[in-house]
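Please open the complex in the viewer and keep the selection panel at hand.

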Amino acid sequence: MELTKLTISQAHEGLKKKNFSAVELAKAYLNKIQEKDKEISAFLTITENLALEKARWIDDKILKKEEINILSAIPCAIKDNILVEGEKCTAGSKILENYLSPYDATVVKKIKEKGSVILGKTNLDEFAMGSSTENSAFGPTKNPHDLTRVPGGSSGGSAAAVAGGMALFALGSDTGGSIRLPASFCGIVGLKPTYGAISRYGLIAFASSLDQIGPIAKTVEDCQVVFDIIKGKDKMDSTSVEVPQFKNWKLEIKNLRIGVPKEYFVKGIDPEVEKVIKNAIKKYEEIGAKIEEVSLPHTEYALSCYYIIAPSEASANLARYDGIKYGYSKIQDPKSKIQNLLEVYLQSRGEGFGEEVRRRIMLGTYALSAGYYEAYYLKAQKVRALIKNDFDKVFKRVDAIFTPVSPFLPFKIGEKIKDPLSMYLVDIYTVSVNLAGLPALSLPVGKVGNLPVGLQIIGRPFEEDKILETGKLFHGENI
Amino acid sequence: MLSREEVKHIAKLARLGLTEKEITDFQKELFSILDYFEKLKEVDASNVKPLSHPFEIKNIIRKDEPETTANKDKLLELMPERKGSYLKVKSVF
């Protein structure tokens, strides 16, 4: 049995039947990382001691015939903008290169309590700002399907780790597509939950009204298992809420109404991608779902709206990196001749932040500055309301909306990095979901050559279960 | 194109130290992105209430009682410069 190819429930069964031990499972993954990550670069830190210590604890429980949770001993990877106590948390930035997490994020605390084995921290675009993982201060991650291509971003390390068999599942974060895009580019499943479904405590903030943590895994079922454990209200995040449960609910395919927005199939989409998505939609029609064309008329404004709101929030959130409280500081440079406080700020931030982060801080500061606030930030907030309104209307008629995750296939490393606008366009189908706070699943539904294509299944607020069950139908996963 | 002065003004507000070349690059780059945002002008949103959060949220209130933080030492250790349990900063002027 190849341990690095199991799903969560298969691994759980194997542990219970004593086909292998928790330590054997952990070591299989640690060895795989050792062997494969040289070429992929998914991990920034390997937490071997933490992993083996946890695995031994679970083996001890199994030996004592204690019940173990479905996530016990399951090896996972954590995006390096989510805090794991005592371990480095860099957010892919030089400014946090040596930052040691003083506490566990709530999601980490929850999976640790269930006995999950944390293998390491994964690469990302600096502060989760990017669509290719090329913006990391520690070098790019490569797509396991084609090493010359990007894995998508910003949770590229998490997605590549799962796709490369180097973790059974991973946690990522999604502000404008950062879970869904890499899941799509790496041919695995990613869930961006409803805003508020999961606590953001211990997630390094990028844009607080858009950020959500979510699972990345090999199957829809695995995503569901992880989501069920990490969701819920947390007193440390006052925007988190209890996810309502739909009792005795079962998905009936013949009652499923799927909306396909015409604005997502216009000029600009790669025709090969469009073909794979259209085929997937046809498959749902064949198994009994009702497909109808719908309209989200403000779609074409979503990207501008997002790229004003996200950098604006980021420029405020990133003010905390000042070279004073923690992180990279110019005053620690023995050659520095800094005399006053302002110089500490300017030089620490100027040198500590990478190119894209500086760009977004500048954009956000501009959009919020006197004289421009109304034309940019306030206008974007109004357009945000219109975008959300579009979804509210459509969701009165349909249960789920199907779109591509991205108009493009995984692109070559270096192809878009010099042209920020061309990189932003990669997110054109994912950003609306964050602006409206909705849940969305990225599901692999086919390939063009050896490159995977993801279908985006968008649901009503807190109807994660519905989009997950809908996703399971495609690959014939049991419901 | 943005003027040099505009870029420098924004950089100062953002507390970002930029090199001369970075300022030159931003003049063009920020302009082309801001130009793309012009698209929003097409939308008539005069009667729309701005949305800052996806859902209605309320203030959550708790009693203002002091608590001890277990990881105070860890937080202190992260400071670039300190004196005992005090954070040390350079002078303002």
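Select Val23(A), which lies in helix H2 (residues 22-40) of chain A in this predicted model. Is this residue buried, exposed or in between? Val23(A) has 17 C-beta neighbours inside 10 Å and therefore counts as partly exposed; a buried residue would need 20 or more, an exposed one 12 or fewer. Leaving aside residues up to four places away in sequence, Val23(A) touches Leu52(A), Ala55(A), Arg56(A) and Asp59(A).

Next, select Lys65(A), in the loop between helix H3 (48-63) and strand E2 (75-79) of chain A. Its phi is positive, near 60°, although the residue is not glycine. Lys65(A) is exposed because 6 other C-beta atoms lie within 10 Å.

Compare Phe462(A), located in the loop between E11 and H15 of chain A. Phe462(A) is likewise a residue other than glycine with a positive phi, near 65°. Here, however, 22 C-beta neighbours lie inside 10 Å, so Phe462(A) counts as buried. Most residues other than glycine have a negative phi, and most peptide bonds are trans.

For the peptide bond, select Gly153(A) and Ser154(A): the bond joining them is cis, with omega about 10°. Ser154(A) belongs to the loop between strand E3 (117-122) and helix H5 (156-163) of chain A.

Move to helix H8 (residues 271-286) of chain A. Its 16 residues reach 22 Å from first C-alpha to last, close to the 22 Å expected at 1.5 Å a residue. Which residues of H8(A) are buried? They are Val273(A), Val276(A), Ile277(A), Ala280(A) and Tyr284(A). These residues lie on the same side of H8(A), because they cover an arc of only 95° around the axis. An α-helix has 3.6 residues a turn, so residues three or four places apart point the same way. Colour the other side of H8(A) to find Pro271(A), Lys282(A), Glu285(A) and Glu286(A), which are exposed. The packing partners of the buried residues include strand E7 (257-261), strand E8 (290-294) and helix H15 (464-474) of chain A. After H8(A) comes Gly288(A), with a positive phi near 120°.

Turn now to the contact between the chains, to which chain B contributes 42 residues and chain A 54 residues. On chain B, H1, helix H2 (20-37) and H3 each supply at least two residues of the side that touches chain A. The largest share of that side, 7 residues, comes from H2(B). By class, the side of chain B that touches chain A comprises 29 nonpolar, 6 polar and 7 charged residues.

Select H2(B) itself. Its end C-alpha atoms are 26 Å apart, which agrees with the 26 Å that its 18 residues should span at 1.5 Å a residue. At Phe26(B), H2(B) bends by about 30°. Phe26(B) is also among the buried residues of the helix, with Glu29(B), Leu30(B), Ile33(B) and Phe37(B). Against these pack helix H9 (302-317), helix H11 (355-368), helix H12 (374-394) and helix H13 (420-424) of chain A, together with H1 of chain B.

Finally, colour by confidence. Chain B averages a pLDDT of 93, and 100% of its residues score at least 70. Within chain B, the mean is lowest in helix H3 (residues 72-77), at 90, and highest in helix H1 (residues 4-13), at 97. For the complex, the predictor gives an ipTM of 0.95 and a pTM of 0.97.

How values were computed
Residues are numbered from 1 along each chain as its sequence is written. Chains are lettered from A and ligands numbered from 1 in the order in which they are written. This is a predicted model: local features need pLDDT of at least 70, side-chain atom pairs count only at pLDDT 80 or more; totals for chains, interfaces and linings use all residues. pLDDT is the predictor's confidence in each residue, from 0 to 100. Helices (H or I, at least four residues) and strands (E, at least two) are DSSP runs, numbered from the N terminus. Two residues are in contact if their C-beta atoms, placed from the backbone, lie within 7 Å. Ala, Val, Leu, Ile, Met, Phe, Trp, Tyr, Cys and Pro count as nonpolar, Asp, Glu, Lys and Arg as charged, and the others, Gly among them, as polar. The expected span of a helix is 1.5 Å times one less than its number of residues. The arc is that of the directions from the helix axis to the C-beta atoms. The bend at a residue is the angle between axes fitted to the seven residues ending there and the seven starting there.
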